[in-house]
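These are my notebook entries on a structure that I looked up.

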Amino acid sequence: MTDLTLTDVSRWYGNVVAVNDVTMTIGPGVTGLLGPNGAGKSTLIAMMAGFLAPSSGEVRLGEQRVWRNVTAYRDLGLVPEREVSFAYLTGRQFVQASAELHRLRDTRAATARALAEVDLTDAADRAISTYSKGMRQRAKLASALVHEPQVLLLDEPFNGVDPRQRMHLMDLLTRMGEAGRTVLFSSHILEEVEQIARQIEVVVAGRHAASGDFGAIRRLMTDRPSHYLVRSTDDRALAAALMARPGVRSVALGRVGTGDAITVEVTDTGEFTHALPVLARRAGITVREIAPSDESLESVFTYLVQS
Amino acid sequence: MNLTIMRLALRAIVGGWRGVILLALPVLLIGLAALLRAVTGEPVSATMVIVEVGLAMVVPLVALLAANGVLGPEIDDGSVVYLLSTPVSRYVVAASKFAVAAGSAALLSIGGLLGASLAGGLSDRWSVVAVVTGGGGAVLYCALFTALAAATRHGMIAGLIYVLVIEQLLGRFLGGFRFVSVRAVAERLGESAADVDLAVADMGLTYAVIASAVLLLVGVAAAGWRLTRFQLRGDE
């Protein structure tokens, strides 16, 4: 009942493949769906929520199919990335409408409980148009969990939310996960995901690139050769000294075009960052600039896909 | 029918500029009838005020605004997802939204046409015509426009093209088009209810009644069917 199962799911739009043969099972607890922008996270969530037909494969919630099956929403809550356009309603009216549509027995009590759960009781009688981004996010969340669904899907819930509200939302999701619900949220920020997700599913370019607990994913992402760009008063001497270190795999002199820097390929980032200042000082070289040249999340993901 | 969906739909219609224009259209029609009568001192031309301006312009515009108000924007911006991620049947969602659009449009159309008939000093027969064609026309137009709003992102434009091209332009020169004209069907219903000549007598009454029933059924069912296949597109 609480497992969301994707079997060989693909989705394409004409010639463009948005999701490519994904098989995964999302169980109870908090799961993070991690991937760069445009990786297919929203497409995946839309298919999980029954708002997109897989081009091939199948999405099931427990035993039931989710596409074209409105009864699935008894056990499923969705917090879309999309803003609420019912901004003229108050938070309470918005959540109350959701409670009524789910035909709950005591809609008032359920609404009050959901609002309290997301800590929105004080602002509940103000129009949504006056809410901050974080409050809107919480109103959407309250509306999605008013019927206490077993499975909750959230599409980029932390986007544009200020740090304090983000902490609050994270606490909330953690509590729901601990209560045995299946919570899945998408994000393109690793730090965000590893703070609360027990299980992480990585999606890159529509493909399921990695799956595991945050420790395993973190190791996959950090234990890889990375490149640094270093500029100093004596690039050649520094390059020679660096090359002697075991954690350095290669050093290239000269940056393309300018020729005034060295590119260091490092297999042990920790060792390198400690060694560099010591080496430089010993050789009397001043380091003017050091920058990771491929630390963007995209390059991390690209590495993951290649391996 | 679902009362919650209906309540939200009503707020979508009356809220903002849409509500103002919806109310302004019938009021303007009444104002026009009153003005013409005051200037000429005689009862207004029924064909002009009730049929040419009222039924041909005010009724379809009111229906277009109402039908697109309940469905169009929500589908456009994807926020209809908040109503659809519930166990309520999509056909019930479509029927409820249609009911609100048709109800409001009928109320405003009847009000406008009846008010214009009275303000223009027309006979009681024209009051009957105003109620039948205004109410019937509004409901039928709404069925068509609701289906168009569900079928395409450009429901408003599709509706305008239907009224301007099929009804006004082609219908005027090619008589056969009256058989796919909501206006002609509404006129035929009006003719049969009151003893007036709206020049559509060559259309069978049976045809008008059956066409109305089919349009209602197909329009609402098409909108519901479209909602069962509603897809949330990611931004990617």
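**Entry 1. Burial in the helix α1(A).** I began with the term that I needed: a residue is buried if 20 or more other C-beta atoms lie within 10 Å of its own. I also noted that the model is a predicted one. With that cut-off I turned to α1(A), which is mostly covered, eight of its eight residues being buried. I listed them as Lys41(A), Ser42(A), Thr43(A), Leu44(A), Ile45(A), Ala46(A), Met47(A) and Met48(A). Just after α1(A) I came to Gly50(A), which has a positive phi of about 75°.

**Entry 2. Chain A as a whole.** I then looked up the overall figures. Chain A contains 10 helices and 14 strands. Its C-alpha trace extends over about 75 × 45 × 35 Å along the principal axes. Of its 307 residues, 42% count as buried. Among contacts in chain A with a separation of 6 or more, I found that 68% join residues 24 or more positions apart. The domain assignment divides chain A into domain 1 (4-220) and domain 2 (223-306). Between the C-alpha centres of these two domains I noted a distance of 40 Å.

**Entry 3. Where chain A touches chain B.** How many residues of each chain are in contact with the other? I recorded 27 residues of chain A and 25 residues of chain B. On the side of chain A that touches chain B, α1 (41-48) and α2 (91-101) each supply at least two residues. α2(A) gives the most to this side, with four residues. By class, this side of chain A has 13 nonpolar, 10 polar and four charged residues.

**Entry 4. The packing of α2(A) on α3(A).** From α2(A) I noted Gly91(A), Arg92(A), Val95(A), Gln96(A), Ala99(A) and Glu100(A), which meet Thr107(A), Ala110(A), Thr111(A), Ala114(A) and Leu115(A) of α3(A). The residues of this contact are five nonpolar, four polar and two charged. I kept a general point beside this list: an α-helix has 3.6 residues a turn, so residues three or four places apart point the same way.

**Entry 5. A helix pair in chain B.** I next looked up α1(B) and α3(B). The axes of α1(B), residues 3-14, and α3(B) come within 8 Å and cross at roughly 125°. α1(B) is therefore oblique to α3(B). The crossing is right-handed. α1(B) makes the contact through Ala9(B), Ala12(B) and Ile13(B), and α3(B) through Ala66(B), Gly69(B) and Val70(B). I counted these by class as five nonpolar, one polar and no charged residues.

**Entry 6. Two residues of chain B.** Is Gly137(B) buried or exposed? Gly137(B) has 31 C-beta neighbours inside 10 Å and therefore counts as buried. I located Gly137(B) in helix α6 (residues 124-151) of chain B. Apart from neighbours within four places in sequence, Gly137(B) is in contact with Leu55(B), Val59(B), Ser109(B), Val182(B), Arg183(B) and Ala186(B).

I then turned to Val80(B), in the loop between α3 (46-76) and α4 (81-84) of chain B. Val80(B) counts as buried because there are 22 C-beta neighbours inside 10 Å. Leaving out residues up to four places away in sequence, Val80(B) touches Glu74(B), Ile75(B) and Phe230(B).

**Entry 7. Positive phi in chain A.** Most residues other than glycine have a negative phi. Asp21(A), in strand β2 (residues 16-26) of chain A, has a positive phi near 50°. Asp21(A) is partly exposed, as 15 other C-beta atoms lie within 10 Å. For Asp119(A), phi is near 60°, again a positive value. Asp119(A) lies in the loop between α3 and α4 (133-145) of chain A, and with 16 other C-beta atoms within 10 Å it is partly exposed.

Conventions. Residues numbered from 1 in each chain as written. Chains lettered and ligands numbered in written order. Predicted model: local features only at pLDDT ≥ 70, side-chain atom pairs only at ≥ 80, totals over all residues. Contact = placed C-beta atoms within 7 Å. Nonpolar A, V, L, I, M, F, W, Y, C, P; charged D, E, K, R; others polar. Domains from an automatic or database assignment. Buried ≥ 20, exposed ≤ 12 C-beta atoms within 10 Å, placed from the backbone. Axes fitted to C-alpha atoms, helices over the stretch in contact; angles between N-to-C directions. Parallel < 35°, antiparallel > 145°, perpendicular 65-115°, else oblique. Left-handed = near helix turned anticlockwise from the far one by under 90°.
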